[in-house]
Amino acid sequence: MKPKTIVVCIKQVPETNEVTIDPQTHNLDRRGLAGIMNPFDKNAVEQALQLADQTPAKVVLLSMGPDDYAESLREGMAMGADAGYLLSDRAFAGADTLATGYVIAQAIKQIGEVDLVLFGRQAVDADTGQVGPIVAEFLHQPQITYAASLRLSGDNEITAERLLEDTKQTLVAQLPAVVTVRSELNTPRYPTPRNIQLSFEKPLTIWHHDDLDLDDSRLGQAGSPTIVTKVYEPKPTKRELTSLTGTPTEAASQLIKALKAHQLI
Amino acid sequence: MSKPELWVIAERRLDHVEPTTFQLLTKARQLAGDRFHTVAILFEATNDHLETELQPYAPDEIRIVRDDRFPTATDAEHADALAQLVAQYQPNSILFGATITGRSIAPRLQAKLLTGLTADCLDLRFDDETLVATKPSYGDNIMCEIICPDHRPQMATVRPNTFVAEPATGTAELTPVTVAFHPVERLQVKTATPVVNTATTVGDASRVVALGRGAANTATIDTATRLAEKLGGRIGVSRPLTDLDRFTHDDQIGQSGNTIHPDLILNFGISGAVQYLVGMQSAKTIVAVNSDSNAPIFDVADYGYVGDANAFMTALLAQFV
């Protein structure tokens with residue numbers, strides 16, 4: 001049996017969400033913030049590695065971003081992934097979800113004979129969760145989103161559980177397919193010292209614009225239907241505070257009186 | 001010339017319409033004024049009459065696709081059907097609930113239509129016929145206004161409980177429409193079991209007892225649980241407490257979690273990170289108890305007490321009749 005190829009799409013995000021706006025430029029101030037692999041993507045990497053324990057498979061990481069995104073790819077290879085591809089080109093910059101999904105789909109075609117594409121549920125910085133379904137559509141493949149469990153159930157078949165708000169679904173897909181995973185489905189492994197060492201011997205390929213078959217009108221800002229027109233920090237609305245005073249018993253009595261006056265109790 | 005169309009995709013939850021749909025229909029009416037034609041798009045089985053649940057929110061029109069296959073259709077099959085309707089009616093904008101279902105179908109449709117989709121929006125407005133969608137980023141610490149100037153339809157998913165559903169007067173025109181059902185052969189839904197979940201989510205509760213880092217010990221949580229029961233409400237937590245085994249992200253308020261607007265929220269041991277405050281500031285009455293008198297939560301509270309959370313809750317419980 002031919003080994004499977006599992007591609008895991010990952011994104012590098014700032015190490016913290018505590019970002020601020022530069023009052024002068026009105027741009028996001030991300031100075032001094034290191035990049036890490038999007039935490040939800042680690043669940044996807046872990047799931048790929050577990051599937052590779054089940055059946056012979058090559059786990060390939062794929063990311064789009066500047067050259068320093070190679071760090072996240074190394075991190076994933078230190079977890080145990082076999083290879084990494086970074087899609088890095090100025091022409092890709094400023095892409096929204098649609099333009100990002102296009103380049104990633106074209107790269108997956110280029111990798112060739114990919115059986116399964118995995119995504120984390122969403123990136124913790126932009127929080128869209130859109131790129132997975134977009135890539136599934138561009139590849140004309142079935143999609144299973146927010147999978148709560150995932151296993152190979154046949155030579156060319158996966159079975160996943162999906163937890164909707166009110167329903168638990170069991171879905172069976174014939175490969176190739178695209179799956180986005182919930183963070184609840186596994187606990188990502190830590191890189192072992194040996195795997196960290198090995199990760200530097202694994203192939204990390206950088207693909208630029210000319211390495212892929214691309215329609216330039218669909219790239220970067222030009223290929224992005226959406227535009228961010230304003231970025232700001234939300235300001236909670238202030239209210240007039242009535243202080244409750246004295247011992248807890250006294251303060252509780254004041255509150256009960258107030259809540260009764262508002263017919264809240 | 002006919003008015004541009006503003007669509008709301010009705011979502012089904014078991015045998016009913018998902019509540020976010022009503023919230024979006026209400027917002028759509030407010031946005032539309034007399035400039036837009038508001039349309040609810042409903043997929044239902046031949047014996048269903050879910051339009052009766054939509055009618056109180058009075059969209060101008062309800063377009064109904066009756067086909068027994070749609071209630072259990074997969075994301076790609078839904079997206080395919082919607083793409084056919086878009087080709088036929090050319091709507092200006094389409095709104096989905098940012099539920100798991102909405103967030104799965106909408107981007108698939110976006111990719112078919114090669115247009116823009118803004119995720120998990122917290123506000124919407126129109127500048128002329130351009131939809132301006134407010135999208136949180138960085139765990140709700142940053143807000144972005146996003147437009148899609150040159151592509152139609154403009155699409156957005158909207159976070160549940162962002163808007164309040166209000167019935168309206170008006171009679172929706174009911175229009176049966178047909179689309180071709182194109183089955184996706186390589187994906188089968190083998191089983192679909194209703195999850196019996198009698199507990200409401202924190203987003204549905206009208207009274208919330210919210211706990212943060214300063215109210216995280218077992219005794220305090222137990223007292224808070226009794227208080228929530230007494231109030232007929234529910235416990236909610238800020239992010240640090242989601243690390244405890246007894247809470248999940250479903251219990252979290254703010255930060256890509258639940259935006260809530262209960263009648264009453266009692267905050268214990270919560271200092272008040274921006275995303276938390278934004279997530280609960282629509283509550284009608286806000287009470288805060290914190291041992292730090294400088295905690296930002298007091299800036300947005302109606303009633304505040306500086307002191308120990310557990311002692312205050314115990315005193316409160318003792319005085320309830």
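1. Let's start with one residue: A:L171 counts as buried because it has 23 C-beta neighbours inside 10 Å. For the term itself, a residue is buried if 20 or more other C-beta atoms lie within 10 Å of its own, exposed if 12 or fewer, and partly exposed in between, with C-beta atoms placed from the backbone. A:L171 sits in strand β11 of chain A. Helices (H or I, at least four residues) and strands (E, at least two) are DSSP runs, numbered from the N terminus. Setting aside neighbours within four places in sequence, A:L171 is in contact with A:I144, A:A160 and A:R162, and also with B:L187, B:Q188, B:V189 and B:K190. Contact here means that the C-beta atoms of two residues, placed from the backbone, lie within 7 Å. A:A147 is 24 residues away along the chain, and its C-alpha atom is 9.4 Å from that of A:L171.

2. A word on what you are looking at. This is a predicted model: local features need pLDDT of at least 70, side-chain atom pairs count only at pLDDT 80 or more, and totals for chains, interfaces and linings use all residues. Residues are numbered from 1 along each chain as its sequence is written, while chains are lettered from A and ligands numbered from 1 in the order in which they are written.

3. Now the place where the chains meet. Strand β11 (residues 167-174) of chain A runs antiparallel to strand β13 (residues 187-194) of chain B, joined by seven bridges. Two strands count as paired if DSSP finds at least two bridges between them. Within this pairing, A:V172 has B:Q188 as its bridge partner. Overall, 70 residues of chain B are in contact with 63 residues of chain A. On the chain B side, helix α4 (residues 100-113) gives the largest share, nine residues. That side has 38 nonpolar, 20 polar and 12 charged residues. In this scheme Ala, Val, Leu, Ile, Met, Phe, Trp, Tyr, Cys and Pro count as nonpolar, Asp, Glu, Lys and Arg as charged, and the others, Gly among them, as polar.

4. Is strand β12 (residues 177-181) of chain A mostly covered or mostly open? It is mostly covered, with five of its five residues buried. A:A177, A:V179 and A:V181 point one way and A:V178 and A:T180 the other. Strand β8 (residues 116-120) of chain A pairs with β12(A) in the parallel sense over five bridges, and A:L116 stands opposite A:A177. Strand β9 (residues 143-154) of chain A also runs parallel to β12(A), through three bridges; here A:I144 partners A:V179.

5. A:V179 turns up again in the largest nonpolar core, which has 63 residues; A:V8, A:V103, A:I104, A:L118, A:V135 and A:V179 touch the most other members. Such a core is a set of buried Ala, Val, Leu, Ile, Met, Phe, Trp, Tyr and Cys residues joined through C-beta atoms within 7 Å. Helix α3 (residues 97-111) of chain A supplies the largest share, eight residues. Beyond its neighbours within four places in sequence, A:V135 is in contact with A:G101, A:I104, A:A105, A:I108, A:V117 and A:V178. Another core lies apart from this one, with 51 residues, including B:I41 and B:Y138.

6. Have a look at helix α2 (residues 70-79) of chain A too: eight of its 10 residues are buried, so the helix is largely enclosed by the rest of the structure. Among the buried ones are A:R74 and A:E75. Just after α2(A), A:G80 takes a positive phi of about 140°.

7. Over in chain B, seven strands make an open sheet with parallel pairing, in the order β7-β11-β6-β1-β4-β5-β12. β7 (117-121) and β12 (173-177) of chain B are the edge strands, each pairing on one side only. Inside the sheet, strand β1 (residues 5-9) of chain B runs parallel to strand β4 (residues 37-44) of chain B, with five bridges between them, and B:L6 stands opposite B:T38.

8. One sheet draws on both chains: four strands in the order β14(A)-β10(B)-β9(B)-β8(B) form an open sheet with antiparallel pairing. Its edges are β14 (227-232) of chain A and β8 (123-127) of chain B. β8(B) and strand β9 (residues 130-137) of chain B pair over five bridges, with B:R125 opposite B:V132.
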